[in-house]
Structures are given as structure tokens and as C-alpha cells.
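Open the model in your viewer and keep the selection panel at hand. The tour moves from one selection to the next and says what is there.

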Amino acid sequence: MKWSPRALKFVLNIYGPYLGAGIRIMHIDPEWREMHVRMKLRWYNRNIMGTHFGGSLYAMVDPQMMLMLMNRLGKEYIVWDQAAEIEYIRPARGTVEAHLSLSDTQLDEIKNKVSDGAAYRPSFDIAICDLDGKVVSKVKKVLYVKRKSSQA
């Protein structure tokens, strides 16, 4: 991926599904270590109960871990979304946000696991919170990672 964090933030913020859901990328770290995402509750993105759609909550965090890991690892690695699950903790009203991060320790562990040519499926837990810091949803993302040179 050849996008800078600034360019990717711009593109994602004008991406149709994000616009339609009211999702905004607020920050992407220059070193791809973290990303902040926010979604305000609007008339066009609320469900019949007056809360955020569950699918929109998931969409907030769908590609971010993959994008950060792709950019941290570089082009010699394959990175795909493998699986995900979401748990709804409380009704999501008002503005919600997620702060996603990828530490150096996590990155080193992933590199070590794939160094022998094996695929690795790291998982990441992401909390989506309201502005009071209360968790409204928990998302578990599982990625698929493998070194390109080790493909058969």
C-alpha cells in the first residue's frame, strides 16, 4: 500500500459507505501505530430504536487493523482480514469512538510467528465507546499474516 496516513484519512473520509454511515477518521498516526475513528448519531444513521445501527458500529473498525498492519509490516507480507465478531454491550447513542492501536510488541510477535514461513492469525480486541468512555460494543478482529517469500 503506497498511501500516506494523511492521504488515506482523506480517502476514507470521502468513501461512500463511511459518508453514509457518518463515520470519520479523526487521526492516523504517522507511523501507523494508532487510528482514531468517530461516528456521530444523525437522522440518517439511526435505527428505529434511535440508536446506531450495529453494522455501522462494526464498519467503524472494519479495515483499520489490517491497514495499520499492512503499512507497519511492509510489502513483503500478506495481510488479510480473516474473521470478526462483535458484541453489543449497551445501546449506542450520541457520538461513539474507537481508538485502535498496534504496539511494537505486537508487531514483533507477528514477525516472529511468520518468520519460518507459517501463516499466523493474530487477534485484536477493539472497544467502541461513547464520549463518557463507556463501552457500547466490543469487536474482535482476526487477521491472516504470512511472508510473501514463503508462499508455495
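Start with Arg38. Its relative accessibility is 29%, so Arg38 counts as partly exposed (buried means under 20% relative accessible area, exposed over 50%, partly exposed in between, with a 1.4 Å probe and protein chains only).

Some ground rules before the next click. This is a predicted model, in which local features need pLDDT of at least 70, side-chain atom pairs count only at pLDDT 80 or more, and totals for chains, interfaces and linings use all residues. Residues are numbered from 1 along each chain as its sequence is written, and side-chain values use heavy atoms, with hydrogens and water left out.

**Arg38 and Glu97**

Arg38 sits in strand β2 and Glu97 in strand β4, 59 residues apart, so distant parts of the chain are linked (strands are DSSP runs of E, at least two residues; helices are runs of H or I, at least four; both are numbered from the N terminus). Glu97 is buried, at 19% relative accessible area.

**Thr95**

Now pick Thr95. Thr95 is in the loop between β3 (77–88) and β4 (96–101). Its relative accessible area is 17%, so Thr95 is buried. What is Thr95 in contact with, leaving aside neighbours within four places in sequence? The list is Arg38, Met39, Lys40, Leu41, Cys129, Asp130 and Leu131 (contact means heavy atoms within 4.5 Å).

**The sheet**

Switch to cartoon view. 6 strands make an open, antiparallel sheet, ordered β1-β2-β4-β5-β6-β3 (two strands pair if DSSP finds at least two bridges between them). β1 (23–28) and β3 are the edge strands: each has a single partner, so one side of each lacks a neighbour in the sheet. From one strand to the next, the twist averages 20°.

Zoom in on β3 and β6 (residues 135–147). These strands run antiparallel and are joined by 11 bridges. Select Tyr77 there: its bridge partner in β6 is Arg147.

Next, show helix α4 (residues 64–73). Helix α4 packs on the sheet and touches β1, β2 (34–39), β3, β4, β5 (123–130) and β6. The direction of α4 makes about 155° with that of β3 (axes are lines fitted to C-alpha atoms, for helices over the stretch in contact, and angles run from 0 to 180 degrees between N-to-C directions).

**Lys141 and its partners**

Stay on β6 and select Lys141. Which residue forms a salt bridge with Lys141, with the closest N and O atoms 3.1 Å apart? That is Asp62. Asp62 lies in the loop between α3 (54–61) and α4, 79 residues from Lys141 in strand β6. Asp62 is partly exposed at 28%, whereas Lys141 is buried at 1%.

Asp81 belongs to strand β3 and Lys141 to strand β6, 60 residues apart. Asp81 is partly exposed, with a relative accessible area of 28%.

Then select Arg33, Arg72 and Asp104. Salt bridges with shared partners join these residues into one network. The salt bridge count comes to 5.

**Last stop: Leu19**

Finish on helix α2 (residues 16–21), where Leu19 is found. Leu19 is partly exposed, at 48% relative accessibility.

Technical notes: Salt bridge = Lys/Arg side-chain N within 4 Å of Asp/Glu carboxyl O.
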